[in-house]
Amino acid sequence: MIPRVTLPGGYSISRLIKGGWQLVGDHGTVNAEQARCDMASFVTAGITTFDCADIYAGVEELIGTFRRAFPELAARMQVHTKLVPDLSELERIDLRYLERIIDRSLLRLGMERLDLVQFHWWDFGVPRYVEAAIALEKLRRAGKIAHLAVTNFDTARLRELLDAGVPVLAHQVQYSLLDQRPKSSMVGLCQEHGIALLCYGTVAGGFLSERWLGRPEPDSPFANRSLTKYKLIIDDFGGWALFQELLAVLARIAARHGSDIASVATRAVLDRAGVAAAIVGATNTAHLQAHSRIGVLSLDSSDLAAIATVTEQRHGPGGEVYGLERDRNSRHGSIMRYELNALTKGSASARVSVRGAHNAG
């Protein structure tokens, strides 16, 4: 059973969201026909909300071909995309630039109106994010967007958008047992304004699973970008030994409930204040049966206390939401790529590898 939640304005989504980053090809070869069949399985199972982005090369198009191939299932879907302007364009962004990105997403997805657009801004030192968000609100009022959201904003800048009257429905953030940065101030602000948290990284790119229980610490290079990204989070959390303690606790809880580590880790995040949904970065349907049982998985006080015995020993990561990743000189920021939109470079260039995509949603 996949639970659902209704956001302000009557917008209903599944509490598990099918992520799209894993379909860009950097997590292994993508068979488009199989990917479309997998999408059908997810929707049929009740995971009707899909997450993608303008910078996830080929993913909007892939969802668009699915929508055309399975119109009855498409009618049950909600598609969340992102708008991620290139770093080099931040000084020059205007309504026309943003409208071109929105129109491109509409064309790729085969939609007349985008269900939800999540706005990202690379550098708050370029203080035009409020102006850009207001321009997106104009496009929403024009009927091209149903709902506006943000991704990876910090508390102060999100408050600026709200003070400017931008109707932010949701905020996509990294939030997990390993990374609790949203708890510092973001959760409170979002609850104050009725903003739903859509959480990525809840299973740390697959690290929070039986596969890594009892395994020696891996060395780079890693098999995919998710592992590269989330190994840094594990290092900040307290290192491999503390991470193994967490996996052992989660394994015992999972065994008691007839579940698995990833489901327990996801359920723990879903039960947190302000969290509307968790984004599952599945490349295929291998874990769909486990996903389908999350709705009936209930963690009790003893489960949460056992988890806390480990997570309370954490060293980090600290600071604001996405603060480490936004620092281009940091270990986290140095793996990013900031010029992925390729709006002015033509459709062929827009399909280049997204090895530095800004999250795992």
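**Helix pair H5 and H6**

I began with the crossing: H5 passes H6 in a right-handed way, meaning that the near helix is turned clockwise from the far one by less than a right angle. A note on the source: this is a predicted model, where local features need pLDDT of at least 70, side-chain atom pairs count only at pLDDT 80 or more, and totals for chains, interfaces and linings use all residues. Residues are numbered from 1 along each chain as its sequence is written, and side-chain values use heavy atoms, without hydrogens and water.

I then checked the geometry. The axes of H5 (residues 129–141) and H6 (residues 155–163) come within 10 Å and cross at roughly 45 degrees. That makes H5 oblique to H6 (angles under 35 degrees count as roughly parallel, over 145 as roughly antiparallel, 65 to 115 as roughly perpendicular, the rest as oblique). Axes are lines fitted to C-alpha atoms, for helices over the stretch in contact, with angles from 0 to 180 degrees between N-to-C directions. Helices are DSSP runs (H or I, at least four residues), numbered from the N terminus.

Next I listed who meets whom: Tyr129, Val130 and Ala133 in H5 touch Arg157, Glu160 and Leu161 in H6 (contact means heavy atoms within 4.5 Å).

**Gly316**

I found Gly316 in the loop between H12 (301–311) and H13 (323–326). Gly316 counts as buried because its relative accessibility is 7% (buried is under 20%, exposed over 50%, partly exposed in between; 1.4 Å probe, protein chains only). Leaving out residues up to four places away in sequence, Gly316 touches Leu178, Asp236 and Phe237.

Conventions:
Helix = DSSP H or I, 4+ residues; strand = E, 2+ residues; numbered from the N terminus.
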